[in-house]
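Dear colleague,

Please find the structure below, handed over for your study.

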Amino acid sequence: MTTENSNLAGLDQRTIRIEKLKKLENMGINAYPHIFNPDFTSKALNEKYATLANEEQTEDEVKVAGRIRAIRNSGMFMDLYDDTGKIQIFSSLENLPQSEKDVLALLDLGDIIGVTGTVRRTKRGELSVATKHLDVLAKSLQVLPEKFHGLQDQDTKYRQRYLDMMINPDTTRTLIMRSQIISAIREFLNGLGFLEVETPILHPILGGANAKPFITHHNTLDMDLYLRIAPELYLKRLIIGGLPAVYEIGRNFRNEGMDTRHNPEFTMMELYWVYKDYNDMMDLFEQIVQYAAMKVLGTTTVSFDGKTFELGGHWPRRSMLDLVKEETGIDFEAFETNAEAVEAAKKLHVEVPENASWGLVVSTVFEEKCEHKLMGPIFVIDHPKDISPLTKEHRANKRLVERFEPFINTWEVGNAYSELTNPLDQRERLEEQVKAREAGDDEANMMDEDFVTALEHGMPPTGGLGMGIDRIVMILTGSLSIRDVIAFPTMRKK
RNA sequence: GAGUGUGUAGCUCAGCUGGUAGAGCAUCUGACUUUUAAUCAGAGGGCCCUGGGUUCGAGUCCCAGCACGCUCACCA
């Protein structure tokens, strides 16, 4: 058997690797074996032999495994990486049997191997495993991106995320933190006695938010279905059924634009808690974010894009009308009619439809004039009633509802209410939505008779809260694009 | 959807006013039992995103398309 690779000259790198794979097979080696049991990770090995002196050699035989990320001195040194770090493999030509030398010559960067050998520390101080036996665990047929500059191409990073993860440690770190943040949220809510539930993703009727949907079709029922834009109306049915505290963490789908803060499918946490109102929800929102921040960062002081956010303590709570007044000098509360409000918006150079309602004007002016200044964290509270069809009327102001949106870094990171529980009121508001839809607003809610019927059976006073998980993860991980916190973001077909 | 930028070797990038394509890493060969972005010498490797056009001649200029980034619009 030859270890000579000169016959490979000029071939492309994948072909070369396939030829090497054939040579391994000809040597009776299965390059994709069923099992290998390493007894140390990089971290565990380094911890156990932390005190081993330079040039000290042990007789301790260990088995380690990982991906080859560097080969130096014609194979004498290899850097093996597992998820905990690096292990240097030392293969001395003097002590290595010919059969092992033959395997060594057929290894490439990117191959996953297992090494059986003895533990030593080199004179340069690098803890190493001195090879006795090499196992090929997976021959890699593809070339890894360059080690120094890494993988830069955004397209490849998103489409071949595994490469991004192998090469860029921050990518893996962010995805791990995402998982930890979601675990922390579950842990916190479960600790309060919440029940995690699952509700349908295929919805026959659109509801729970204002957004354009994805439409799909069920063949057997011969029926169009919507991918949910929000789980709200189903979660409320569970409250009506008697569950006192429920939450769901899952994907919502909205058929709208994509940018650094929007992905067509995104992860939302929604919860409902009986005998609570939106004030309680504000306390709860703060606590959830603070708990998650402490879990993954150990602090509630968060650095993001050169800015610092203090997420600890109570966040300011400011009414939308106050913020608009502060910013524009106009007190929209003083306007009795829609026309007056529209007139005022025009003076501010904020475009609104000629027939816009008072509430739509207020929220549009808020979005145009205030939102981009809200570094937060801050709760914007008490929204206009006519833009909030599922929210209970404000106990002190009939034109408003008990609703809030938390903002961090000018981003809306959630939405919460004292939930509307009056079925007759709910029916009227949904009828308004239906009218808006008929008038061409394809983001308006549809009439959900079954939901209103459920409400008619009686729903206790309830606080509800939605949290945009992706954006919270962005803030806590310092990610500038939502695509960096989603392992496989939506991409155009290539 | 609009504007704008990018697309060249497996990867990261050069390529000026148009003249037959370059580097580093990776690959192959050799040297070196030494290292840690190992080093040294040599070699191979290109549908220059796609399709049109201008030109004697296009990676380069023009038009269209595709993909991605950024900004804006819609939205969470």
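This is a predicted model: local features need pLDDT of at least 70, side-chain atom pairs count only at pLDDT 80 or more; totals for chains, interfaces and linings use all residues.

Residues are numbered from 1 along each chain as its sequence is written, and side-chain values use heavy atoms, with hydrogens and water left out.

A search of the whole structure gives 36 salt bridges (a side-chain nitrogen of Lys or Arg within 4 Å of a carboxyl oxygen of Asp or Glu). One of them joins K20 and D108, at 2.7 Å from N to O. K20 belongs to helix α1 (residues 13–26) and D108 to the loop between α3 (98–105) and β4 (112–121), so this pair ties together parts 88 residues apart in sequence. Helices (H or I, at least four residues) and strands (E, at least two) are DSSP runs, numbered from the N terminus. K20 is buried at 9% relative accessible area, and D108 is buried at 12%; buried means under 20%, exposed over 50% and partly exposed in between, with a 1.4 Å probe and protein chains only.

A further salt bridge links K346 with E354 at 3.1 Å, N to O. K346 is partly exposed (40%), whereas E354 is exposed (59%).

Strands β7, β9 and β8 form, in that order, an open antiparallel sheet; two strands pair if DSSP finds at least two bridges between them. Its edge strands are β7 (202–203) and β8 (215–218). Four bridges join β8 to β9 (residues 223–227), and T216 stands opposite L225 in β9.

Yours sincerely

Definitions and conventions:
Chains are lettered from A and ligands numbered from 1 in the order in which they are written.
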